[in-house]
Amino acid sequence: MKRTFATVLAGTMAVTLLAGCGSSGGSTSSSGTQSSGTQTSGTQTSSGSAAASSGNVTLKVFDAMAYATDEYQTVIDQFEADHPGVTVEIQHAANDSNTILQSRFNSGDIPDVFLNEPGSSAQLYYEYAYDWAKDTDTLSKFNSDAVALGTDESGHVYGLPWTYETMALTYNVDCFNKAGITTLPVTMEELEQDCEKLKAAGIQPFAIAGKETWVLAQMSTHFIMDKSLDATGTVEGLESGKITFADLPHWQSFFKLLDLIKKYDSDKILETGWESSENELANGEAAIIHMGDWAQANYTKMNPDAKLAFLPVPVGDSADDATVLSSVGWLYMVYKDSPNLDLAKEFCEYVLTSEQGVKWMTEGVDAVPASNTHTEMSPSGDLPKDSQTYIQAGKTNGWIHTIAGSSFSDTVGPYIQGYLLGNYTADDVTQAFQEYFSSQG
Amino acid sequence: MDNEKKPVRVHSKKGKKRKETLMFIIFVVPALAFVLFATDIPFVMNIYYSVFDWNGISKNLTFVGLENFRKIFTSDKTYWTSWWFTLRFTFFYVIIVNAISLAIALALSKENRFAQVGRAFYYIPYIISLTAISLIWEFILGPAFDSLYESTGWSFFGMSWLGKPNLAFIVLVVITVWENVGFYMINYIAGIVSVPRDYMEAAKIDGANRWKAFWKVMFPLIMPSVSICFLTSLTFGFKLFDIIMVFTKGGPVNSTVSVAYNIYKEAFTNNHYGTATAKSLIFVAFILIVTGIQMRVTKKQEVEL
Amino acid sequence: MERSRLTKGTVITLIISILWLFPLILIFINSFKSDSEILNHFLELPKKLDFSYYAETWTKFGFPKLIANTLLYTVCTVLIVVLLAPLAAYYLERHKKERRCRIAFSLIILPIMVPFQSYMISLTRILGNIGLNNTKTGYILVSAGLCMPLAVFMIHGYINTIPIELEESAYIDGAGKVRTYFSIVLPLLVPILTTVVVLDALATWNDVITNQLVVGSNEAAINMQNALYMKFSAQTSDWSHALPGTVMSMVPSLIFFIFMQKYIISGATSGAVKG
C-alpha cells in the first residue's frame with residue numbers, strides 16, 4: 001500500500017514538474033520571437049489570425065483603476081472610431097489589480113497595455129516593458145518630472161505618466177472658518193491649538209482612516225521625508241544604512257501628530273475606513289483627515305458643496321518645513337513584445353495627451369494630467385487645483401511609500417495602529433520602520 | 001477482500017480484473033481528472049516554486065534550495081502569529097457554528113410552512129455577496145451601535161468592536177457563524193429527517209428524556225451529517241480568507257491575519273512567490289495531519305456507535 | 001404535551017431568525033438610495049421608492065448578458081458535478097479497501113484543505129499553456145474541478161450509510177455495475193445530491209475570484225458578482241449600483257433555495273429504505 005502510494009505520488013509529481021518546467025521554459029523563451037506564439041491563446045488566436053485577413057485587431061488593455069469609467073469609455077470609443085477595425089478590450093481590475101495582472105502574465109495572456117504604480121510595483125514589470133527613451137516626440141508631451149518617475153538609473157523610460165496625485169492633510173474650509181482659524185498651523189503646537197478651537201466649536205478635529213494601514217503608512221512618510229534629499233535620496237539613504245531614523249530631521253514630530261490624533265479623533269479610530277473618513281470630512285463632521293486629491297471625485301459625490309483644501313503637514317518649525325507629497329498615480333506601460341506594439345503605443349499617447357483623454361482626466365477624474373498638451377483644461381475640484389498651485393510653486397516632494405517597497409504599508413501600518421491603541425511605544429514603532437528599511441537594502 | 005472470497009473462479013480472474021479497471025475508469029477517472037486539473041496538479045507545481053526566489057512575474061527564477069523554509073521558520077513573526085489566530089478562530093468557529101446550526105436544524109426540521117420560512121431566513125446571509133455583508137456589518141457596528149449607545153447608554157454599544165484586537169476577533173467569529181449557519185443547518189436537517197420517527201418515539205416510550213434520546217438515538221444516526229459539517233467547518237476555519245480580505249484586511253494591528261491571507265499577501269503584495277508557496281506547503285502538511293486525525297476519530301465513532 | 005414543547009423551541013428559533021433576515025432588509029432599503037444617502041442615512045427608509053438605480057444597474061452592467069453567463073456557468077458546473085461526483089463517490093466507497101481507490105480518494109479530497117490562493121498562479125499557467133484561459137469552457141472546467149472534492153466527499157459519506165444488500169440482490173439478478181448504479185443507487189442519493197446541487201449552484205452563482213482569474217479580461221465572459229465587484233477599488237466605491245445588483249443577483253438564488261429545500265426534506269424522508 002505504502003509503496004504504490006509513493007509510486008503514484010512520485011509519478012504525479014514527475015508529470016506536474018514537467019508541466020511546471022515546461023511552462024516556465026515556455027515563458028523564459030517568450031522574450032524573443034516566440035512570444036507571439038506563446039501568447040496566442042484564447043481570444044488572441046482569433047484576433048491575431050483575423051488581423052492578417054481583414055485588418056481587425058484587438059488591443060488588450062489592463063486598467064488598474066476605476067476612476068470615471070464612463071468618461072474613459074468615451075475616450076476609448078473615440079479611439080476605436082479613429083482606428084477602424086481596432087477593438088479595445090479593456091479589463092477594469094480596480095480590485096486586487098496586482099494579483100490579476102500577475103496571473104495574466106503567468107497565463108501568457110499578456111496585455112498590450114498595462115498600468116502600474118510608479119516605483120516598486122512598476123519595477124517588477126520593467127523587463128517586460130517597452131522602452132520609450134527614443135520616442136522623444138512622445139516624451140516631450142509630458143512634464144519631465146513626471147517622466148522621471150518611470151525612468152530607471154540607465155535612462156530607460158518604461159512607462160508614460162497618467163496624472164499627478166498629491167497628498168497631505170486635508171481640511172474642511174467651512175469647519176476651520178467656523179472655529180475661527182484664519183492661518184494654517186505650521187507647527188504641531190499650533191495644530192494642537194487649532195484642534196482645541198475646533199473642539200470648542202463642536203467639531204471633531206480628526207477623522208483619520210485608522211483602519212487602513214495604507215493611510216497611516218502614507219501619513220508617516222511626511223515625517224520620513226528629508227527635503228534636502230527628496231524621496232529617492234531619503235529612501236536610498238535609509239536602505240543603505242547611510243542615514244538612520246535618528247538622523248531624520250522631523251521623525252519625532254510624527255508621534256506628536258499621533259498623540260494629537262489619539263486625543264482629538266474618535267474613540268473608534270481604528271474602525272474608520274477610507275470611505276467614512278472621506279465622508280465625515282466632506283460633510284463637515286470632522287475637520288482634518290490625511291488623504292490625497294484622488295479622493296476629490298468621492299468628496300464631490302458625498303457632498304457637492306464641500307469646500308476642501310490641503311493643509312501641508314506641519315512637520316517642523318516653519319512653513320518651509322511643512323510637506324506636501326506629490327507623484328504620479330499610474331504609469332501606462334506597453335508590452336515590448338506585443339504583436340500590436342505600434343498601436344499600443346498610439347493608444348497610450350492618445351489616452352494621455354489627446355483632447356478627449358485630457359478631458360477625461362480633468363473633468364471626469366478631476367485630476368492634474370502629467371501631459372502638457374492641453375494645459376487649457378484643468379480640473380475643477382478644490383484639491384487638484386490646490387495641488388496644482390503647490391506643484392507649480394515647487395513646494396512638493398516625491399512619494400516615499402511607492403519606492404519603499406511593496407510591503408511598506410502592510411509592514412509598518414500595523415505598528416502605527418498599535419501605537420494608537422497604546423500597545424507599542426514610539427521606540428517600538430521607530431525600530432519597526434528602521435528594520436523595514438534595513439531589510440530592503 | 002473480493003478476490004479472496006472467490007478463489008475458485010481462477011479462469012475469469014484476469015478478465016474480471018480488466019473489467020474492474022474499466023469500471024474504475026468509467027466511475028472514478030472523470031471526476032478525478034477534473035480535480036487533478038483544477039487543483040492537484042497546480043498545487044504540486046507549487047512544490048517546484050518553493051525552492052526558488054521568484055517574484056511571481058519575472059522570467060528569472062533563482063534557485064535557493066530550502067532558504068525559503070529557513071526564513072519562514074526563523075524570521076517570519078507575522079506568519080506564526082497568523083497561525084495562532086487561525087487556530088483560535090477555527091476552534092471557536094467549529095464549536096459555535098455546529099452547536100447553533102444543529103440546534104436550529106432540530107427546531108426547524110418539522111415540515112410546515114413556518115419551518116420553511118425560518119429555514120429560508122437562516123439561509124439568507126449565506127447567499128448574499130460578501131461585499132454587501134461587509135458593508136452591512138460596518139454600518140451595524142458603526143452608526144447603528146453609536147445611536148443605540150446614545151439612546152441606551154449601554155457600554156456594550158459604545159465599545160470599539162472593530163478597533164481592538166480582542167473584540168475584532170469576537171466580531172469575526174460572530175459574523176462568520178451568522179453568515180454560514182444556513183449551510184450547516186441544511187446539512188443537519190438532511191440528516192435529521194432521514195432518521196425514522198419511530199426510533200425517537202421508541203426511545204421516549206423507553207422513558208428516555210429528550211436530551212438523552214437525542215444523544216443516544218439521534219446523534220449516532222446523523223453521524224454522517226456531523227462528520228461532513230465538522231470537516232467543512234474545520235477547513236473553513238483553516239482556510240479563512242474572503243471575509244478577512246474584504247472586511248478586516250487583517251487589522252487592527254495584524255490581529256486578524258489568517259494563514260491563507262498571510263500567504264496571499266506574501267505572494268501578491270510582497271511579491272515573494274517562492275516564500276508564499278513554501279508557506280502553503282507547511283500549511284497543507286499541517287492540515288493533512290489534523291484532518292487525518294479528525295477523520296480517523298469520527299470514522300471510529302461511526303463504527304463504534 | 002410533547003407537541004407544544006416542540007413548538008416552543010420552534011417559535012423561539014423563528015423569532016431569532018429575524019436577526020438573519022435583517023441584512024436583507026437593510027440591503028433592500030438601501031438599494032433605492034444614492035451613494036451619499038447610503039453613507040449618511042443607512043438605517044433610514046429611502047426618501048422615495050426610486051427604481052432608477054435598478055434600471056441603471058440593469059443597463060449599465062448589461063445584466064441580461066451577465067445573467068445568461070452566470071446561468072450557463074451554474075448549470076454546466078452543477079451538471080458536471082452531479083453527473084460525475086456520485087459515480088466516483090459510489091465506486092470509491094464500495095471499493096474502499098482497494099489501493100487505487102484509496103489513492104484516488106485522497107487525491108480527490110486533498111483540495112478541500114488547500115487554500116485556493118496558494119496555487120492560483122500555477123493554475124493560470126496551466127490554463128495559459130493549454131489555451132483555455134479567457135474562455136467560458138476553461139472557466140466551467142475549473143469551476144467544476146473546484147466543486148468536485150467536497151461533492152465527492154459528501155456523497156461518499158452518505159453512501160456509507162446505505163446498506164449494500166440492495167445492490168447485491170441486483171447483482172444476483174444479473175444487473176451490471178452501471179445498471180445497478182443507475183437503477184438502485186442513484187435514486188437513493190436524491191437527498192444528498194440536492195444538498196450538493198444547492199451548495200455548488202450557489203458557489204458558482206456567487207463566485208468572484210475564480211471568474212476574475214480565469215476570464216477576468218474577457219468582458220464577454222464575466223459573471224454577475226465579478227462585474228459588480230470590479231466597480232470597487234481601494235479608493236472608489238459604487239454602492240448605489242452594487243446594492244441593486246446584489247438584490248437582483250440574490251432573487252434567483254433565494255427562489256432556487258426555497259424550491260430546493262422541499263426536495264431535501266421530502267427526498268430524505270422517501271429514502272425510507274435507510275436505517
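Of the 441 residues in chain A, 54% are buried.

As for confidence, the model scores ipTM 0.88 and pTM 0.87. Chain C has a mean pLDDT of 85, with 92% of its residues at 70 or more. Within chain C, helix 4 (residues 63–94) has the highest confidence, at a mean of 95, while helix 1 (residues 2–30) has the lowest, at 78. Two stretches of chain C call for some care. Over residues 1–5 of chain C, pLDDT stays under 50, and the model has 0 contacts beyond four places in sequence for them. Residues 270–275 of chain C also stay under 50, but here the model has 11 contacts beyond four places in sequence. Where pLDDT is low, the predicted coordinates should not be read in detail.

Turning to the interfaces, chain B brings 75 residues to its contact with chain C, and chain C brings 79. On the chain B side, helix 3 (residues 29–49) gives the most, with 15 residues. That side of chain B is made up of 55 nonpolar, 15 polar and 5 charged residues.

Chain A touches chain C as well, with 39 residues of chain A in contact with 32 residues of chain C. The elements of chain A that give two or more residues to this side include strand 1 (57–63), strand 2 (86–92), helix 5 (97–106) and helix 14 (274–282). Helix 1 of chain A gives the most, with 6 residues. By type, the chain A side divides into 15 nonpolar, 18 polar and 6 charged residues.

Inside chain B, one helix pair can be followed residue by residue. The axes of helix 5 (residues 77–107) and helix 12 (residues 223–238) of chain B come within 8 Å and cross at roughly 150°. The two helices are therefore roughly antiparallel, since angles over 145 degrees count as such. The crossing of helix 5 of chain B past helix 12 of chain B is right-handed. From helix 5 of chain B, the residues that meet helix 12 include B:Phe89, B:Tyr93, B:Val94 and B:Val97. Helix 12 of chain B answers with residues including B:Phe230, B:Leu234 and B:Phe238. This contact holds 8 nonpolar, 5 polar and no charged residues.

Most residues other than glycine have a negative phi, and most peptide bonds are trans. The peptide bond from B:Gly251 to B:Pro252, however, is cis, with omega near -5°. B:Pro252 lies in the loop between helix 13 (242–248) and helix 14 (259–268) of chain B. B:Val253 has its place in the loop between helix 13 and helix 14 of chain B, and its phi is positive, near 50°. B:Val253 has 24 other C-beta atoms within 10 Å, so this residue is buried. B:Asn271, in the loop between helix 14 and helix 15 (273–304) of chain B, has a positive phi of about 55° although it is not a glycine. B:Asn271 counts as buried too, because 22 C-beta neighbours lie inside 10 Å.

Terms used. Residues numbered from 1 in each chain as written. Chains lettered and ligands numbered in written order. Predicted model: local features only at pLDDT ≥ 70, side-chain atom pairs only at ≥ 80, totals over all residues. Contact = placed C-beta atoms within 7 Å. Helix = DSSP H or I, 4+ residues; strand = E, 2+ residues; numbered from the N terminus. Nonpolar A, V, L, I, M, F, W, Y, C, P; charged D, E, K, R; others polar. Buried ≥ 20, exposed ≤ 12 C-beta atoms within 10 Å, placed from the backbone. pLDDT = per-residue confidence, 0-100. Axes fitted to C-alpha atoms, helices over the stretch in contact; angles between N-to-C directions. Parallel < 35°, antiparallel > 145°, perpendicular 65-115°, else oblique. Left-handed = near helix turned anticlockwise from the far one by under 90°.
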